[in-house]
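Welcome to this short tour. Open your viewer, keep the selection tool handy, and follow the stops below.

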Amino acid sequence: MAYDVNTIFQIAGIGIIVAMIHTVLKQMGKEDWAHWVTLIGFVVVLYMVASIIDELFQKIKSVFLFQG
Amino acid sequence: MEVIQIVGFGLIAVFLIIIVREQNPALASAIALAAGGMIFLFVTVPLQSAVELIATLSGQAGINQMYIQTLLKIIGIAYLAEFGAHLARDAELESIASKIELAGKMLIIMLAVPIFQVLIETVMSLLPGGV
(Lines give C-alpha, C1' and ligand atoms only; values in the text may rest on other atoms or scores of the structure.)
Protein backbone atom coordinates (compact mmCIF):
# COMPACT_ATOMS: atom_id res chain seq x y z
CA MET A 1 0.00 0.00 0.00
CA ALA A 2 2.92 2.36 0.73
CA TYR A 3 4.02 2.23 -2.88
CA ASP A 4 0.45 2.95 -4.00
CA VAL A 5 0.13 6.10 -1.86
CA ASN A 6 3.45 7.29 -3.25
CA THR A 7 2.13 6.98 -6.79
CA ILE A 8 -0.93 9.08 -5.98
CA PHE A 9 1.24 11.78 -4.41
CA GLN A 10 3.54 11.67 -7.43
CA ILE A 11 0.64 12.24 -9.80
CA ALA A 12 -0.74 15.09 -7.73
CA GLY A 13 2.74 16.64 -7.46
CA ILE A 14 3.18 16.46 -11.22
CA GLY A 15 -0.20 18.14 -11.59
CA ILE A 16 0.63 21.01 -9.24
CA ILE A 17 4.12 21.58 -10.69
CA VAL A 18 2.82 21.49 -14.26
CA ALA A 19 0.12 24.01 -13.33
CA MET A 20 2.80 26.25 -11.80
CA ILE A 21 5.05 26.04 -14.87
CA HIS A 22 2.01 26.71 -17.03
CA THR A 23 1.21 29.88 -15.09
CA VAL A 24 4.82 31.12 -15.18
CA LEU A 25 5.19 30.53 -18.90
CA LYS A 26 1.86 32.22 -19.52
CA GLN A 27 3.01 35.26 -17.53
CA MET A 28 6.15 35.37 -19.68
CA GLY A 29 3.95 35.44 -22.75
CA LYS A 30 4.96 32.01 -24.10
CA GLU A 31 1.51 30.48 -24.38
CA ASP A 32 2.41 27.76 -26.88
CA TRP A 33 5.23 26.52 -24.63
CA ALA A 34 2.82 26.48 -21.71
CA HIS A 35 0.44 24.26 -23.65
CA TRP A 36 3.23 21.85 -24.60
CA VAL A 37 4.26 21.56 -20.94
CA THR A 38 0.70 20.75 -19.93
CA LEU A 39 0.40 18.16 -22.69
CA ILE A 40 3.65 16.41 -21.77
CA GLY A 41 2.73 16.36 -18.09
CA PHE A 42 -0.59 14.85 -18.97
CA VAL A 43 1.02 12.15 -21.10
CA VAL A 44 3.42 11.20 -18.29
CA VAL A 45 0.54 10.96 -15.80
CA LEU A 46 -1.51 8.98 -18.28
CA TYR A 47 1.33 6.48 -18.63
CA MET A 48 1.46 5.96 -14.86
CA VAL A 49 -2.31 5.61 -14.63
CA ALA A 50 -2.38 3.21 -17.56
CA SER A 51 0.09 0.86 -15.87
CA ILE A 52 -2.06 0.84 -12.70
CA ILE A 53 -5.23 0.20 -14.69
CA ASP A 54 -3.50 -2.58 -16.61
CA GLU A 55 -2.57 -4.21 -13.30
CA LEU A 56 -6.17 -3.83 -12.09
CA PHE A 57 -7.64 -5.40 -15.22
CA GLN A 58 -5.21 -8.33 -15.10
CA LYS A 59 -6.16 -8.88 -11.47
CA ILE A 60 -9.90 -8.79 -12.23
CA LYS A 61 -9.34 -11.22 -15.08
CA SER A 62 -7.42 -13.65 -12.90
CA VAL A 63 -9.89 -13.45 -10.00
CA PHE A 64 -13.26 -13.42 -11.72
CA LEU A 65 -12.78 -14.72 -15.21
CA PHE A 66 -10.46 -17.71 -14.58
CA GLN A 67 -7.92 -16.67 -17.15
CA GLY A 68 -4.13 -16.28 -17.01
CA MET B 1 -7.24 -2.51 10.19
CA GLU B 2 -7.41 -2.42 6.44
CA VAL B 3 -10.54 -0.29 6.52
CA ILE B 4 -8.70 2.67 8.04
CA GLN B 5 -5.98 2.37 5.42
CA ILE B 6 -8.47 2.30 2.57
CA VAL B 7 -10.58 5.16 3.90
CA GLY B 8 -7.50 7.27 4.58
CA PHE B 9 -6.20 6.55 1.11
CA GLY B 10 -9.53 7.55 -0.41
CA LEU B 11 -9.66 10.80 1.57
CA ILE B 12 -6.09 11.70 0.57
CA ALA B 13 -7.01 11.05 -3.06
CA VAL B 14 -10.12 13.23 -2.71
CA PHE B 15 -8.18 16.16 -1.29
CA LEU B 16 -5.49 15.88 -3.94
CA ILE B 17 -8.14 15.79 -6.63
CA ILE B 18 -9.82 18.89 -5.20
CA ILE B 19 -6.47 20.72 -5.19
CA VAL B 20 -5.47 19.70 -8.70
CA ARG B 21 -8.91 20.07 -10.26
CA GLU B 22 -8.81 23.87 -10.14
CA GLN B 23 -5.74 24.03 -12.34
CA ASN B 24 -6.06 20.91 -14.44
CA PRO B 25 -9.33 18.96 -14.68
CA ALA B 26 -7.87 16.24 -16.94
CA LEU B 27 -5.15 15.39 -14.41
CA ALA B 28 -7.75 15.34 -11.65
CA SER B 29 -9.74 12.65 -13.43
CA ALA B 30 -6.49 10.74 -14.00
CA ILE B 31 -5.91 10.77 -10.23
CA ALA B 32 -9.46 9.55 -9.69
CA LEU B 33 -8.84 6.68 -12.12
CA ALA B 34 -5.59 5.70 -10.42
CA ALA B 35 -7.09 5.91 -6.93
CA GLY B 36 -10.08 3.78 -7.90
CA GLY B 37 -7.83 1.18 -9.48
CA MET B 38 -5.55 1.03 -6.45
CA ILE B 39 -8.38 0.69 -3.95
CA PHE B 40 -9.82 -2.23 -5.86
CA LEU B 41 -6.38 -3.81 -6.27
CA PHE B 42 -5.95 -3.58 -2.51
CA VAL B 43 -9.24 -5.40 -1.93
CA THR B 44 -8.82 -7.97 -4.70
CA VAL B 45 -5.86 -9.79 -3.14
CA PRO B 46 -7.88 -11.15 -0.15
CA LEU B 47 -10.88 -11.57 -2.44
CA GLN B 48 -8.97 -14.02 -4.60
CA SER B 49 -8.73 -16.61 -1.81
CA ALA B 50 -12.47 -16.22 -1.10
CA VAL B 51 -13.30 -16.81 -4.76
CA GLU B 52 -11.05 -19.88 -4.84
CA LEU B 53 -12.81 -21.16 -1.71
CA ILE B 54 -16.18 -20.73 -3.41
CA ALA B 55 -14.90 -22.62 -6.45
CA THR B 56 -13.56 -25.56 -4.40
CA LEU B 57 -16.65 -25.76 -2.19
CA SER B 58 -18.95 -25.81 -5.20
CA GLY B 59 -16.76 -28.49 -6.73
CA GLN B 60 -17.14 -30.62 -3.61
CA ALA B 61 -20.90 -30.03 -3.57
CA GLY B 62 -21.10 -31.38 -7.10
CA ILE B 63 -22.42 -28.19 -8.66
CA ASN B 64 -21.63 -27.86 -12.33
CA GLN B 65 -18.53 -25.72 -12.65
CA MET B 66 -20.14 -23.83 -15.53
CA TYR B 67 -22.66 -22.13 -13.24
CA ILE B 68 -20.08 -20.86 -10.78
CA GLN B 69 -17.84 -19.64 -13.59
CA THR B 70 -20.73 -17.78 -15.20
CA LEU B 71 -21.66 -16.22 -11.87
CA LEU B 72 -18.11 -15.01 -11.22
CA LYS B 73 -17.81 -13.69 -14.75
CA ILE B 74 -21.04 -11.76 -14.28
CA ILE B 75 -19.69 -10.25 -11.05
CA GLY B 76 -16.47 -9.27 -12.82
CA ILE B 77 -18.32 -7.67 -15.74
CA ALA B 78 -20.65 -5.82 -13.37
CA TYR B 79 -17.72 -4.43 -11.42
CA LEU B 80 -15.82 -3.34 -14.54
CA ALA B 81 -18.88 -1.68 -16.08
CA GLU B 82 -19.61 0.10 -12.81
CA PHE B 83 -16.00 1.29 -12.61
CA GLY B 84 -16.03 2.73 -16.12
CA ALA B 85 -19.46 4.27 -15.72
CA HIS B 86 -18.54 5.99 -12.45
CA LEU B 87 -15.40 7.36 -14.05
CA ALA B 88 -17.32 8.75 -17.00
CA ARG B 89 -19.90 10.21 -14.63
CA ASP B 90 -17.19 11.92 -12.57
CA ALA B 91 -15.97 13.58 -15.76
CA GLU B 92 -19.58 14.77 -16.32
CA LEU B 93 -20.11 12.58 -19.36
CA GLU B 94 -23.48 11.14 -18.43
CA SER B 95 -24.21 9.80 -21.92
CA ILE B 96 -21.04 7.71 -22.10
CA ALA B 97 -21.68 6.43 -18.57
CA SER B 98 -25.15 5.18 -19.40
CA LYS B 99 -23.89 3.55 -22.58
CA ILE B 100 -21.18 1.70 -20.67
CA GLU B 101 -23.82 0.48 -18.22
CA LEU B 102 -26.08 -0.61 -21.06
CA ALA B 103 -23.23 -2.55 -22.68
CA GLY B 104 -22.46 -4.24 -19.35
CA LYS B 105 -26.08 -5.30 -18.96
CA MET B 106 -26.12 -6.68 -22.51
CA LEU B 107 -22.98 -8.74 -21.88
CA ILE B 108 -24.43 -10.08 -18.62
CA ILE B 109 -27.62 -11.14 -20.40
CA MET B 110 -25.57 -12.90 -23.07
CA LEU B 111 -23.62 -14.78 -20.40
CA ALA B 112 -26.81 -15.75 -18.57
CA VAL B 113 -28.56 -17.18 -21.64
CA PRO B 114 -27.27 -20.79 -21.21
CA ILE B 115 -28.45 -20.85 -17.58
CA PHE B 116 -31.88 -19.58 -18.62
CA GLN B 117 -31.99 -22.28 -21.25
CA VAL B 118 -31.25 -25.01 -18.73
CA LEU B 119 -33.86 -23.60 -16.34
CA ILE B 120 -36.57 -23.48 -18.99
CA GLU B 121 -35.75 -27.00 -20.14
CA THR B 122 -36.01 -28.25 -16.56
CA VAL B 123 -39.38 -26.59 -16.06
CA MET B 124 -40.65 -27.97 -19.36
CA SER B 125 -39.60 -31.50 -18.45
CA LEU B 126 -41.41 -31.18 -15.10
CA LEU B 127 -44.67 -30.07 -16.73
CA PRO B 128 -47.11 -32.94 -17.39
CA GLY B 129 -47.51 -33.53 -21.10
CA GLY B 130 -44.38 -31.53 -21.78
CA VAL B 131 -41.57 -32.40 -24.13
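Before you start, note that this is a predicted model.

Select residues 33–53 of chain A: the span is 100% helix and 0% strand, and its end C-alpha atoms lie 30 Å apart. Now select residues 7–27 of chain A, where you will find 100% helix and 0% strand again, with 30 Å between the end C-alpha atoms. An unreviewed UniProt entry lists both 7–27 and 33–53 under "transmembrane region".

**Next stop: the core.** Show Ile8(A), Ile11(A), Ala30(B), Ile31(B) and Ala34(B). In the largest nonpolar core, which has 32 residues, these touch the most other members. Helices H1 and H2 of chain A, and H1, H2, H3 and H4 of chain B, each supply at least two residues of this core. H2(B) gives the most, with nine residues. Color domain 1 (1–61) and domain 2 (64–131) of chain B separately: both give residues to the core, so it lies between them.

Zoom in on Ala30(B). Which residues is it in contact with, leaving aside its neighbours within four places in sequence? They are Ile11(A), Val45(A), Leu46(A) and Val49(A).

**Last stop: H4 of chain B.** Select residues 94–126 of chain B to see H4(B). Its 33 residues should span 48 Å at 1.5 Å a residue, and the end C-alpha atoms are 46 Å apart, which agrees. Look for a bend of about 40 degrees at Val113(B), with the proline Pro114(B) following within four residues.

Is H4(B) largely buried or in the open? Three of its 33 residues are buried, so H4(B) lies largely in the open. Highlight those buried residues, Ala97(B), Ile100(B) and Gly104(B), and you will see that they pack against H3 of chain B.

Notes
Residues numbered from 1 in each chain as written. Chains lettered and ligands numbered in written order. Predicted model: local features only at pLDDT ≥ 70, side-chain atom pairs only at ≥ 80, totals over all residues. UniProt positions renumbered as here; feature names shortened; annotations may be inferred. Core = buried A, V, L, I, M, F, W, Y, C linked by C-beta atoms within 7 Å. Buried ≥ 20, exposed ≤ 12 C-beta atoms within 10 Å, placed from the backbone. Domains from an automatic or database assignment. Contact = placed C-beta atoms within 7 Å. Expected span 1.5 Å × (residues − 1). Bend = angle between axes of the 7 residues up to and from the residue.
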